[in-house]
Amino acid sequence: EQGTLTASVFGSTAEAGRSLSSLRMLYKTLSPEFRRDQKLIKQALKNSGGREQIERVAERLTELGDDPLAQVKYVNSLYKPKFADYIDWYWYNSLLSGPKTQIRNIVGTANNIGVRIASKPFSAFVDAMKTGTARLAGKQRKRQVLLGELPSEVMGLFKGVPEGVEKAMYIVKNGMSLDDVARTELSAPEVFGNVLGGKLAMPANIVSRTLQAADTFMKTVAGSSELNALAFKAAKQKKLKGDDFAKFVQEYLDNPPESALEQMKYVAETDTFTKRLGTQAEYLNKFRQNFTIHPGGKEYTVWNPMKILLPFYRTIVNITKQGVEFSPVGLLSGAVKGTARQSSQAQGKALLGTVLGLPFAYLAAQGSISGDGPKDKRLRESLMKEGWRPNSIKVGDKWVSYQLLQPFNTMLAVMGNI
């Protein structure tokens with residue numbers, strides 16, 4: 001029945017979502033993957049059975065009125081968790097339940113946002129060089145990154161806090177984000193979401209909800225930062241001043257163009273290590289997904305033990321990839337990355353990483369940066385007693401872990417293991 005409802009609810013939920021001003025911008029940033037999913041929804045309608053089922057579901061949707069949240073919750077309530085879902089729930093909650101996980105997630109993302117902002121002078125320099133080179137070649141190229149954006153970018157962080165808190169609390173309360181509601185996201189209903197009328201939904205899923213809430217908060221703050229920078233750049237390029245400048249910026253913030261929304265999404269996902277993986281990495285990710293078998297014509301979901309070996313595959317890949325790009329390698333890969341602005345931003349981060357890599361390389365040569373350390377148990381224990389720590393940088397007489405210093409940690413780990 002969920003297949004029927006998924007198919008029939010799509011149109012009505014989307015219409016209800018579009019009627020809400022808070023969701024309007026989200027529809028402009030629907031991913032290509034989601035647009036492709038519409039074909040799957042049509043297929044679900046084709047395979048789900050008779051007209052009577054559809055009418056029964058439609059009656060329930062009518063009762064819910066124009067409340068997209070209630071409609072999505074109703075759709076998810078029809079999902080019956082499989083045994084594999086409960087294993088996933090137990091495994092991931094066991095890994096993530098400690099407060100250190102929450103802190104590491106926030107600190108790591110905050111570091112990444114800070115590095116992006118700190119790289120602004122380098123990104124502006126790279127972009128200015130590109131514009132100058134284009135003009136020498138007789139071509140026209142507008143500046144895509146301006147150093148003057150920096151104050152607006154920083155202020156945007158603080159402006160995004162209230163909205164970020166609101167969205168985070170929405171997730172903690174409802175178990176889904178505004179994006180989930182706007183996009184009729186039905187792919188991963190919560191385990192225990194329907195037990196005792198939904199009363200166990202929050203306590204049973206509080207770990208995943210708080211992690212998702214933290215990511216959403218960071219995405220909102222990062223997106224707000226980038227939007228304010230884009231508004232400044234647009235006003236500057238129009239050569240506005242005074243009240244006209246301020247008025248234009250406010251109008252831009254209130255009604256950002258689609259290109260700005262797409263750029264916000266790109267920055268938010270990059271800063272939080274949640275970008276969709278490339279084709280090859282996504283293909284490998286399929287080998288760790290649960291799969292179904294059909295003995296005797298019945299469908300069973302089989303839990304895939306590969307999830308134990310690679311529990312957070314997308315995050316690990318994104319962190320490693322950004323760590324590599326935060327090096328001289330990024331000067332080359334950034335040249336072909338996304339839009340002109342994204343390219344300059346990527347190369348700016350790579351240039352910053354390259355500059356910082358020089359003193360780090362010196363410290364590594366002096367033995368002040370450690371890697372994984374010796375595998376010999378006795379030698380390792382001897383070093384630990386002396387105060388040495390793996391994957392750390394020596395600050396004074398103490399070794400401080402650099403694992404949360406994203407995206408520096410990849411570069412430091414390479415240096416420490418050489």
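Let's start with helix α11 (residues 201-237), whose axis comes within 8 Å of that of α13, the two crossing at roughly 135°. (Axes are lines fitted to C-alpha atoms, for helices over the stretch in contact, with angles from 0 to 180 degrees between N-to-C directions; helices are DSSP runs of H or I, at least four residues, numbered from the N terminus.) That makes α11 oblique to α13, oblique being whatever is left after under 35 degrees (roughly parallel), over 145 (roughly antiparallel) and 65 to 115 (roughly perpendicular). This is a predicted model, where local features need pLDDT of at least 70 and side-chain atom pairs 80 or more, while totals for chains, interfaces and linings use all residues. Residues are numbered from 1 along each chain, and side-chain values use heavy atoms, without hydrogens or water.

Who touches whom? On α11 the contact (heavy atoms within 4.5 Å) uses K219, A222, G223, E226, L227 and L230, and on α13 it uses A260, Q263, M264, V267, A268 and D271. By class, that's seven nonpolar, two polar and three charged residues. (Ala, Val, Leu, Ile, Met, Phe, Trp, Tyr, Cys and Pro count as nonpolar, Asp, Glu, Lys and Arg as charged, and the others, Gly among them, as polar.)

Now for the second largest pocket: 26 residues line it, with Y266, T270, E325, K337 and K349 nearest its centre. (On a 1 Å grid over the protein atoms alone, a pocket is an open set of points where a 1.4 Å probe fits, with protein on both sides within 12 Å along at least five of seven lines; lining residues have an atom within 4 Å of a point.) Helices α8 (120-136), α13 (258-271), α16 (313-325) and α18 (340-365) each give two or more residues to this lining, and α16 gives the most, with five.
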